[in-house]
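Please look over the sequence and the fold first. This report then takes up a few local features, one at a time.

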Amino acid sequence: MKIAVLDDNLIIGEMLQQGLELAGHTIVVYSSPSKFLTDINAKEAKMAAVPFDLIIVDLLLSERTSGVEVIHQTRNIFPDLPAILISAGSSLEVEAARRALPGVRVLRKPFSITALLTMMKELTT
C-alpha cells in the first residue's frame, strides 16, 4: 500500500515510515502541510489517479494549518481517499476533529504500529 504521512514532527514521521515499511508498505513522509497540498493539487492538475491508498495526518500542524483542514482539502480532490488522523491533542481538540471529519478514524498518540496497522486494515478492506 502507498501511504502518505503528514506530521511536522520529523522524528514521528521517520518512526512511522520505518514501522510501516517493515510491514511492507511504501511511505512518503511530509513535514509541511503546504508541500503535501501542493503535491496533491499537482496530481489533480495532471488528472492523475489517486496518488496514495491512505493518508495519515497529524491533527496539530505548523503553518497555521490543521490536519482537519488538510483532510478536507484532500477529500475535495479525492473524496474516497481513506484517512487516519493522529493526535496528541486534548480530548476537546480530538472530539472537535471527529465531528468535523465523520468517517475519518482518529488514533491518539502515543500508539503502537500494531494499533495503526489494525486501523489501516479496517479502513482498507
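Predicted model: local features only at pLDDT ≥ 70, side-chain atom pairs only at ≥ 80, totals over all residues.

## Aromatic cluster

Phenylalanine 52 is buried, because its relative accessible area of 7% falls under the 20% cut-off. Phe52 belongs to one aromatic cluster, together with Tyr30 and Phe36.

Two aromatic pairs are found in the structure. In one of them, the ring centres of tyrosine 30 and phenylalanine 36 lie 5.2 Å apart. Their planes meet at 85°, so this pair counts as edge-to-face. Tyrosine 30 has a relative accessible area of 8%, so it is buried. Phenylalanine 36 is buried too, at 1% relative accessibility.

Tyrosine 30 also pairs with phenylalanine 52, again edge-to-face. Here the distance is 6.5 Å from centre to centre, with 90° between the planes. This pair links distant parts of the chain, 22 residues apart. Tyrosine 30 sits in strand β2, whereas phenylalanine 52 lies in the loop between α2 (33–45) and β3 (54–58).

## Strands β1 and β2

How do strands β1 and β2 run, and how many bridges join them? They run parallel, and 5 bridges connect β1 (residues 2–6) with β2 (residues 26–30). The chain goes from β1 through α1 to β2, and this β-α-β crossover is right-handed. Within the pairing, lysine 2 faces threonine 26 of β2.

## Largest pocket

The largest pocket has a volume of about 160 Å³. Which residues line the largest pocket? The lining consists of Ile12, Met15, Leu16, Lys109, Pro110, Phe111, Ser112 and Ile113. By class, that is 6 nonpolar, 1 polar and 1 charged. Helix α1 (residues 10–22) gives the most to this lining, with 3 residues.

A probe the size of a water molecule, rolled over the atoms, shows where empty space is left.

## Cis peptide at proline 110

The peptide bond that joins lysine 109 and proline 110 is cis, with omega at about -5°. Proline 110 is located in the loop between β5 (105–108) and α5 (113–124).

Most peptide bonds are trans, and most residues other than glycine have a negative phi. The next section turns to phi.

Where is glutamate 63 placed? The loop between β3 and α3 (67–77) holds glutamate 63. This residue is not a glycine, yet its phi is positive, at about 65°. Glutamate 63 has 40% relative accessibility, so it counts as partly exposed.

Arginine 64 is placed in the loop between β3 and α3 as well. Its phi is positive, at about 55°, although arginine 64 is not a glycine. Is arginine 64 buried or exposed? Its relative accessibility is 85%, so arginine 64 counts as exposed.

## Recap

Tyr30, Phe36 and Phe52 make up one aromatic cluster. The parallel strands β1 and β2 are joined by 5 bridges. Glutamate 63 has a positive phi, and so does arginine 64.

Technical notes. Residues numbered from 1 in each chain as written. Heavy atoms only, no water. 1 Å grid on protein atoms, 1.4 Å probe; cavity = no way out; pocket = protein on both sides within 12 Å on 5 of 7 lines; lining within 4 Å. Points joined across faces, edges and corners; volume = space filled by probe spheres on them. Helix = DSSP H or I, 4+ residues; strand = E, 2+ residues; numbered from the N terminus. Nonpolar A, V, L, I, M, F, W, Y, C, P; charged D, E, K, R; others polar. Pairing = 2+ DSSP bridges. Right-handed = clockwise from strand over helix to strand, strands pointing away. Phe/Tyr/Trp six-rings, centres within 6.5 Å; stacked < 30°, edge-to-face > 60°. Buried < 20%, exposed > 50% of the residue type's maximum accessible area, 1.4 Å probe, protein only.
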